Amino acid sequence: MKGSLRSRLTSSLFVLPYFLCFCVFLLYPLISGIILSLQNNDMLGTHEFVGLQNYVDIFTPGTYIHDAFFRGLWGTVKFVVYSVPFLILVGLALALLVNSLNARVRGVFRTIFFIPYAISATVMATIWMRVFDTDSGFLNLMLDKLHIHHQQHIGWFTDTPWVWIALVVSTIWWTIGFNMMLFINGLNEVPEELYEAAKLDGANAWNRLTRITLPSIKNVTAVVMVMTIIASFNVFAQPNLMTRGGPGFETTVMLMNVFDVAYGQHQGGAASAMAILLGLIMMIVSAAVYRLLFRKEA
Amino acid sequence: MGTKAKQAGLILIATVLGIFFIVPVIWMVTISLKSDAEAFLPNLSFIPDDPTIVNYTDALSGGDLNVPILRWIYNSLLVSVAGTLIVLAVDALAAYGLARLDVPFKKWLLSLFLSTLMIPGIIWFVPQYVLFQDLGLIGTYHAFYLPFTSSAFGVFLLYQFFRGFPKELEEAAHIDGANKWKIFYAVLLPSSKSILSTLAVLTFMGIFNDYIWPFYASGGNDTMQTLTSGIAVMTQGSYVNSPNKLMALSTIATIPVLVVFLLAQKAIVRGITQSGIK
């Protein structure tokens, strides 16, 4: 149904405020980011057009930008590989656990597992820095009590592989509630009849999980996986606040380097080029994962 | 194995896991109640020898921390509340227009908005900063909340809801002579309280908890930090040696979101479900 010109005009007024916000604060920065990546821009007001030079620099070994990009990418990819499997599996396990609890206690545990999700990145980091502190951290004191690693404290933020364990554990604590919630939603949509039929056929718990539950929540799993991969590619707060990229450049992730190049090195153009390449990698990886998961079963 | 024994086993597992999730939060509160002397001693006790609220009074009065914490609290609440109200207003209007009215290029606009949900935000972070710099808004309150108004998430969430809203109510109001605006605020909004509160909670938490954008948008001005970005700066500075003060601040920074979160848990779950993830 098409209204009169006047009607369409008044209707447009409803969309106009958001449209303006969208254009000014999102669409314009998106387009100007592409232009920025073709500039030398010191973030202080001066800029010149340099064509694809920033992209060339990224792929030229020996330049600052090259090291920043590939070190950052390597750190980020490691975090993605170490964290994503746990974030998915633990999220699913918690959802299955919560759903198999009595209705009386179910809500309580769901809330408890979900609480850290409400905590800000800075508070999360402040807490976990005290837990993982080498000399007076909660964890090492606890290990002392149990006479494990008593002579030499574990450097949770200063030694590999401990630093990755510390980052992955704190990330699980902080974000797993969200994945759990998505899985719980998915599990609640599985028709009860499927389980009853399986029970009649004598299927045990493991068979019910692998033959009914997992195939039924395939779509949710795909979405959780893509969202988790994107979130892990965006990792920043945990290494930035807790390990500061160390030891060495081990946990220096891409976003830290994008901000360093932009605000530390005053090279806004190069930072934009790095961000765009990272964005493209993220979109390609998530599209590939999504396709892979859907093709398998389709 | 009987169902009762099995249930007890499951509750036991859940309790052990629950301890992992809850202990760090309790640890934060414990340290915040310790005196300087005790906070320096490495010990595992969950009950401070000599509990004190001096870290809180210090934090709130400025004390020897030398940072304007009351101002940060004010900044955080101001930009989170203002941002949330603007996002609600702007998104609700747009979602209603797109879901129900004869807006030209409606489908085209909707896909343009939604496609940005799939583009990683880092791509526009730096150019957005340059934009605010050009506008001379770095270091002002406008820089803190304006970027949040551009997110398509809320439009999408409300659009989904409005599309499923029964048309009969609107038609009845239309016959009674109500115009679009009146239908929007007298019929649609009152019936959308739950989904609006969902968006409000998620937006409030998002703005209040964000620290990267305010960190840069403050322009390095101490009085223009938010509570979250301010604590981030402090964890990197000399305050790392005052864990009790940092924990008091962290507790203060957590209370507003935790209250909102616990009160509105249902709304958050609804948001997750209704954003179409199934």
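**Reading the backbone**

Author: Start with A:P161, which sits in the loop between helix 6 (138–145) and helix 7 (162–188) of chain A. Helices are DSSP runs of H or I, at least four residues, and strands are runs of E, at least two, numbered from the N terminus. This is a predicted model, where local features need pLDDT of at least 70, side-chain atom pairs count only at pLDDT 80 or more, and totals for chains, interfaces and linings use all residues. Residues count from 1 along each chain as its sequence is written, while chains are lettered from A and ligands numbered from 1 in the order written.

Reader: Which residue does a cis peptide bond join to A:P161?

Author: Most peptide bonds are trans. Here A:T160 and A:P161 are joined by a cis bond, with omega about -5 degrees.

Reader: Where is A:P247 found?

Author: A:P247 is in the loop between helix 11 (237–243) and helix 12 (254–264) of chain A. A cis peptide bond links A:G246 to A:P247, and omega is about -5 degrees.

Reader: What is the phi of A:H266?

Author: Most residues other than glycine have a negative phi. A:H266 is not a glycine, yet its phi is positive, about 55 degrees. A:H266 lies in the loop between helix 12 and helix 13 (268–297) of chain A.

Reader: Is B:F105 buried or exposed?

Author: Count other C-beta atoms, placed from the backbone, within 10 Å of the residue's own: 20 or more is buried, 12 or fewer exposed, in between partly exposed. B:F105 is exposed because it has 10 such neighbours inside 10 Å. A:H266 has 14, so A:H266 is partly exposed. B:F105 also has a positive phi, near 55 degrees. B:F105 lies in the loop between helix 4 (69–100) and helix 5 (106–115) of chain B.
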